[in-house]
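Let's take a friendly look at the salt bridges of this protein. Please have the sequence and the model at hand as you read.

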Amino acid sequence: MLSTMQDVPLLISRILTHGSTIHGKSQVTTWTGEAEPQRRSFAEIGARAAQLAHALRELGVEDGQAAGTLMWNNAEHVEAYLAIPSMGAVLHTLNLRLPAEQLIWIVNHAADRVVIVNGSLLPLLAPLLPHLPTLEHLVVSGPGDRSVLDDIDGAGPQVHEYEELLAGRPTAYDWPQLDERQAAAMCYTSGTTGDPKGVVYSHRSIYLHSMQVNMAESMGLTDQDTTLVVVPQFHVNAWGLPHATFMAGVSMLMPDRFLQPAPLADMIEREKPTHAAAVPTIWQGLLAEVTARPRDLTSMRRVTIGGAACPPSLMEAYDKLGVRLCHAWGMTETSPLGTMSNPPAGLSAEEEWPYRITQGRFPAGVEARLAGPGGAFLPWDGESAGELEVRGPWIAGAYFGGAGGDDFRPADKFSPDGWLRTGDVGVISPDGYLTLTDRAKDVIKSGGEWISSQELENALMAHPEVVEAAVVAVPDDKWGERPLATVVLKPGATADYAALKSFLAEKIAKWQLPERWALIESVPKTSVGKFDKKVIRRQYADGELEVTELR
Ligand code: ADP
């Protein structure tokens, strides 16, 4: 028997219409570096999204076609986020920190017809244009020197000014009734091994994910909140915030290109957001900034931190500043919200602590299981470690095959019964809290036992003189692999590896302690600000690190 309920599709256009009417007064504030930021209401964004959709339609963007954005976090990017999927096209966010050849590969693979680009990013895009044959239109938005486009020849894309393109167009659009399973947006994983892989989100997956983001057990945002969206809009849809905020009327504070610690601290002090989201590297940088020049961060009642493991010492440091960091785990393939660490009710601060430092609990929309080495599934006993596999309505079931290609499901990424193999290793407690010990590819396999690089890093970063630490596996004649600890020290501190090793020995089993140590200036980072351990492994292999051995 089927239900008697209406079968209304879950569409981004509904989120847009809802946000721009019911929550029309909520705002997107974009930092400009000038005395006053740019402020735009959700009602204005809704009207401008309609104008953008009319313009893109006139440029020939059709249903199912990809339209790219190479943009910072700002109001115009939000307009593109809402307009492109609502009209039936596919928003393709381009990661502005990718190397040129990967950007070229991605634009061509998705066959982007149009790219909306911030003027400040033109120097990055202009040299790539001769390699982008599918690109017919370039729409330039915001400040930045346009003269870098002077050399485009007749074969290149037509160039338009964003504001001129919108001006005078109707401020309403008759959004089409799409199939909710239709592609709405796409994001490529950063492709640390092999070509980048495209994940294509549907209207339905984004709609359901947005609802989850707003649930109290996740970020719990309402129209009383303003969220500082530091996580880039090209990094897994800014963790779903531009959609979730429109659904719940949450105002957004957008840093545009001002992502350095000093302007971020100023933004928080002046605009008083109640929530923020970013990877640990950003919070490390901000901590150093406010330690040197104090600012009031206490407007933020909670902060979502994820994308990489949050060192417990960082959480403690922010607790002292009156800001609560809430740990979340996710991936491009999981939209990204997979878990969020809210402790159970009724606990003292001390009792909450062991829960807060886990990656968090799974919501109803994410089913999880742990695959053991032999393929058997492991119990949720808080001790049995295996590879995390997940499934759910906002979890990818395949990668995008490109124009004319078939979607594909590599066996190392998808189980035969369709679950996503995350590549993350960890344990799950009986009440569903996930603790990741490592990425499968970062685990150190020493004499048949596994050493968690993450545990060593967290322990090292708790040392008062250590700013950052990254631990990688290096080949070892006797044990197969052993840990190499690379550390960044506070200015003025001297490297006393024996003291660091004794510090570790207080928390870590002796056989897991690193023998090899190296001082580095900073930990290399990926395009989304995570530790890039493959660079350290290569530096070690090429003899570029000055390694001290302590046996
Ligand atoms: P990339 O693989 O390029 O880093 P993603 O942003 O999709 O792109 O990264 C997802 C991965 O980031 C996860 O599989 C996991 O290894 C790591 N990650 C994300 N959040 C956390 C977290 N809270 N703790 C530990 N690792 C995390």
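The report below goes through selected salt bridges one by one.

## Overview

This is a predicted model. A search through the whole structure turns up 33 salt bridges.

## A buried pair between two helices

Start with arginine 48 and glutamate 79, whose side chains form a salt bridge at 2.7 Å, N to O. Arginine 48 belongs to helix H2 (residues 42–58) and glutamate 79 to helix H3 (residues 75–86), so this pair ties together parts 31 residues apart in sequence. Arginine 48 counts as buried at 13% relative accessibility, and glutamate 79 counts as buried at 0%.

## A strand and a loop

Next, have a look at arginine 369 and aspartate 417, which meet in a salt bridge at 2.9 Å, N to O. The two sit in distant parts of the chain, 48 residues apart: arginine 369 is in strand E17 (residues 367–371), while aspartate 417 is in the loop between strand E18 (386–391) and strand E19 (420–428). Arginine 369 is buried, with a relative accessible area of 13%, whereas aspartate 417 is partly exposed at 47%.

Conventions:
Residues are numbered from 1 along each chain as its sequence is written. This is a predicted model: local features need pLDDT of at least 70, side-chain atom pairs count only at pLDDT 80 or more; totals for chains, interfaces and linings use all residues. Side-chain values use heavy atoms; hydrogens and water are left out. A salt bridge is a side-chain nitrogen of Lys or Arg within 4 Å of a carboxyl oxygen of Asp or Glu. Helices (H or I, at least four residues) and strands (E, at least two) are DSSP runs, numbered from the N terminus. Buried means under 20% relative accessible area, exposed over 50%, partly exposed in between (1.4 Å probe, protein chains only).
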